[in-house]
Amino acid sequence: MRVLFVSSEAHPLVKTGGLGDVAGALPQALVAEGVDVRLLIPAYRQVLDHLDTVEPLISLGDQLGMGEVRVLQGVSHALPLSIWLVDCPVLFDRPGGPYQDQQGVDWVDNGLRFALFSRVAALLGVTGRLTGWYPDLIHLNDWQSGLVPVWLRQWGASRPATLFTIHNLQYQGLFPKTLMSEIGLPDHFYDMHGLEYHQQLSMLKGGLYYADRLSTVSPTYALEVQSEEMGEGLNGLLSDRREQLVGILNGIDTRIWDPQHDPDIAAPFDKERLDERDRNRAPLLIEMGLPVTEPRVPLFGLVSRLVPQKGVDLLLAALPEVLESGAQLVVLGSGMPLLEQQLRQMQQQWPTQLAVWVGYSEPLAHRLVAGVDVLLVPSRFEPCGLTQMYALRYGALPLVRKTGGLADTVDEQSGFLFEEVSVESLRGAMNQVLDAFQDQAAWRERQQYAMGRALDWSRSAKQYKAVYQQLLPTDTGSMK
Ligand code: ADP
């Protein structure tokens, strides 16, 4: 079974969030299940800089008037996979992030960039003779690859099956209608039953409308996206397609997130050696500039993009009362300037109890999860969420809102849950932590239970493989 796995990011080459983690780990887990996978990502400058070797595989000529487009083959010791890269220097070889410039502003040509990326993925689906490798299925991820099934539909030829995975319905890839002619898509696709979404072209809708099968990254989110409340205006389409929609829970890369062999943390540990775990606490507090208190007070942590989705505003409002009790909180995050600023201001008011590190740091994320007692994930919605799973594995009890993948991965024994999107509910759950922390013996039992949860990718990879298998014989003419 040959699968082209198409993603706009893949850890450790390039990552802005959970999609990067998934695209770095799931393809490897699929290979372990016997699937022949090629990972396709854009040849961003930062990716080219990370690779050990890069060689040209094929040239596709000038595709969208942006100069020669090539597919390169990359090798990375850090990502042991067959990596194919869409090379179009005008669009991808530039400093900055995958979607934004160094100032955090979206690239103005994102529409063109990901239209081209999708077009190349579709071409690889139908022109296997160029590479000698014909995918049976193209696995698409989020709006950046949403046009793939549209190109395939347009060309109409015998084609591979498509599975489109929704990692976050809020990011839709909306562009002006004029992009249609720029990228050479016929107008008939610009329709309510097609790409049009409130007078814009929605790349996400391309995936949702035209892919053979849809998935979300947790079973609960698969239900939530069909509701008016959480469906981002696409709930009608998603509930129409519910027979083709499945929720498969993400796993985590248990080699990268392994408390027994984590090079970034002060003291390795496992569930039988929780005393060792405690040795990660003081170095974290010192690194974050907080005093090491005796007797010990509960230490909360947050590792997150700082955006409204993540409930950071709720946390800011709930915090003063919790800090009154003496608890401490360490925050690692970046995102909306307003939230960054509010966190910093609060830090000035509580300098011995609140520490905020604005920025992005993988090693610090590891140290934080290893050192805190409780990891906060008070999200308004959460398609799957990975940090709560890292927390479980590292014995930091997660405190989460009961939504999406958080509801599917955390229970009353392994963590703390609250239901309502409200400051009171969050504060209530944080107060519950303060009470529970008094009984250290019970706390340890909960940590051991949390750390014993199976979270690796193998189970999900088997589920994806089963979906691939269902798609092959019926929906496509296989192109061997
Ligand atoms: P999302 O994809 O919505 O951002 P997830 O929980 O699925 O949320 O994935 C977030 C990923 O990004 C996790 O691997 C988390 O550790 C990481 N992350 C988020 N913010 C930071 C940060 N400031 N520094 C380091 N890692 C971060």
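What follows is a look at the ligand and its surroundings, then a helix and a few residues elsewhere.

Keep in mind that this is a predicted model. Let's start with the ligand. There are 18 residues around it, and Lys-15, Gly-18, Asp-21, Arg-305 and Gly-359 come nearest. Sorted by kind, the shell around the ligand has six nonpolar, eight polar and four charged residues. Strand β13 gives the largest share of that shell, three residues, while α1, β13, β14 and α16 each supply at least two.

| Residue and its atom | Ligand atom | Distance |
|---|---|---|
| Gly-18, backbone N or O | oxygen | 2.5 Å |
| Arg-305, side-chain N or O | oxygen | 2.7 Å |
| Ser-361, polar backbone atom | nitrogen | 3.1 Å |

On its own the ligand has 560 Å² of accessible area, and the protein covers 93% of that.

Ser-361 turns up again at the start of helix α15, where one of its side-chain oxygens comes within 3.1 Å of the backbone nitrogen of Leu-364. The helix covers residues 362–371, and seven of its ten residues are buried, so it's largely enclosed by the rest of the structure. Among the buried ones are Leu-364, His-366 and Val-369.

Back in β13, which spans residues 299–306, you'll find Ser-304. Ser-304 is buried, at 14% relative accessible area. Beyond its neighbours within four places in sequence, Ser-304 is in contact with Lys-310, Leu-332, Gly-333 and Ser-334.

And the cysteines? Cys-88 is buried at 1% relative accessible area, and Cys-384 is buried at 2%. The disulfide count is zero.

Terms used. Residues are numbered from 1 along each chain as its sequence is written. This is a predicted model: local features need pLDDT of at least 70, side-chain atom pairs count only at pLDDT 80 or more; totals for chains, interfaces and linings use all residues. Side-chain values use heavy atoms; hydrogens and water are left out. A disulfide is a pair of cysteine sulfur atoms within 2.5 Å. Buried means under 20% relative accessible area, exposed over 50%, partly exposed in between (1.4 Å probe, protein chains only). Helices (H or I, at least four residues) and strands (E, at least two) are DSSP runs, numbered from the N terminus. A polar contact is a pair of N or O atoms within 3.5 Å; within protein, one must be able to donate a hydrogen and the other to accept it, and residues adjacent in sequence count only if both atoms are side-chain atoms. Contact means heavy atoms within 4.5 Å. A residue is near a molecule or strand if one of its heavy atoms lies within 4 Å of it. Accessible areas come from the Shrake-Rupley method with a 1.4 Å probe; for residues, only the protein chains shown count as cover. Ala, Val, Leu, Ile, Met, Phe, Trp, Tyr, Cys and Pro count as nonpolar, Asp, Glu, Lys and Arg as charged, and the others, Gly among them, as polar.
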